[in-house]
Amino acid sequence: MKRLFSRFKWHILFWGIYFIFWVFFSMYYYHSKPGTAVVMTTGWFFGQATSGYLTIYWLMPYFFNRRRYFLFALLELVVLLIASGMILLCVLALYQQSHKPLPVPLRSEFLYLLSGTFYSTFLIVAVKTIRDKIRSDRKTALLEKEKTDSELRFLKSQMNPHFLFNAINSIYVLIKKDPDFAGHTLVKFADMLRYQLYECNTDVIPIEKEIGYLDNYIQLEKLRKGDLIHTHYNVSPSTGKFSIAPLLLIPFVENAFKYVSNCPEKNNFVTVDLNFQDNIFELSVENTMDEDAMMPKEKAWEA
């Protein structure tokens, strides 16, 4: 019962306000007696509610939405005629009980009731259509957000384990060669983990934090690759004061280091450039590759 009330509470509120308004309007504008005003409003209520609900819950879903427009128009006309006839019977009963003649011709009264029923039905359909459109837009936006979040979570899950093991292995090797530098590198690595675990759970993050993470990542990769790979990393001074999805840049840079050539006789390099100008953020990543591979180049996001 509680669920039923919750589902139809706005319907009950609307028709309750409708009923009270027209009862008092009939009493004070037409000087109707309270009983007459209640009976007349009840007739209008049943006629217009019947027409409105039959239209939005039967005719619209089963005929209009399925492009059966001729049947919809025909059945809508039948519903309007029946609903207006219900109201007319109520009006005639009231005048017969009071022993007064109908003040206008029967045809004119029926046309007046038909037009009133049509307008009320149109209003109900308009409200229902607008409400359904708002709900549909919200649902679509929610699904898009869930899809984007899922893709970002998948991206993080693909990147994190791969980099984690490589970084730990590089630091382990460095401990034996230069303990002080290894300690400094370990601090960078801890900052990166902290960023991933505690700062990447939002939809967007300041670009400055993403660049800081990228700085640490490139430093660790330079350590791991050694002198065999030349790294050119540049961030323009104008790159700042906007937000971006967390960990969006790393996959491109990671792929560059993953697929860079390792030939001792070759000028192996990775180039990473970040630039922000005219509200356009551009990431450019280049790397040399082996002879049987192509050189990837990824560019351009609008901030």
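This is a predicted model: local features need pLDDT of at least 70, side-chain atom pairs count only at pLDDT 80 or more; totals for chains, interfaces and linings use all residues.
Let's start with the overall layout. The protein has 7 helices and 6 strands, and if you read along the sequence they come in the pattern α-α-α-α-α-β-α-β-β-α-β-β-β. Of the 303 residues, 34% count as buried. Now take the contacts between residues at least 6 apart in sequence: 65% of these join residues at least 24 apart.

Next, zoom in on helix α5, which covers residues 179–199. At 1.5 Å a residue, its 21 residues should span 30 Å, and the end C-alpha atoms are 29 Å apart, so the two figures agree. Which residues of α5 are buried? They are Ala 182, Thr 185, Phe 189, Met 192, Tyr 195 and Gln 196. These residues cover an arc of only 135° around the axis, so they sit on the same side of α5. Turn to the other side of α5 and you'll find Pro 179, Asp 180, Leu 197 and Tyr 198 exposed.

One last stop is Ala 245, in the loop between β3 (243–244) and α7 (250–259). Is Ala 245 buried or exposed? Its relative accessibility is 18%, and buried means under 20%, so Ala 245 counts as buried. Pro 206 lies 39 residues away from Ala 245 along the chain, yet the C-alpha atoms of the two are separated by 8.7 Å.

Key. Residues are numbered from 1 along each chain as its sequence is written. Side-chain values use heavy atoms; hydrogens and water are left out. Helices (H or I, at least four residues) and strands (E, at least two) are DSSP runs, numbered from the N terminus. The expected span of a helix is 1.5 Å times one less than its number of residues. Buried means under 20% relative accessible area, exposed over 50%, partly exposed in between (1.4 Å probe, protein chains only). The arc is that of the directions from the helix axis to the C-beta atoms. Contact means heavy atoms within 4.5 Å.
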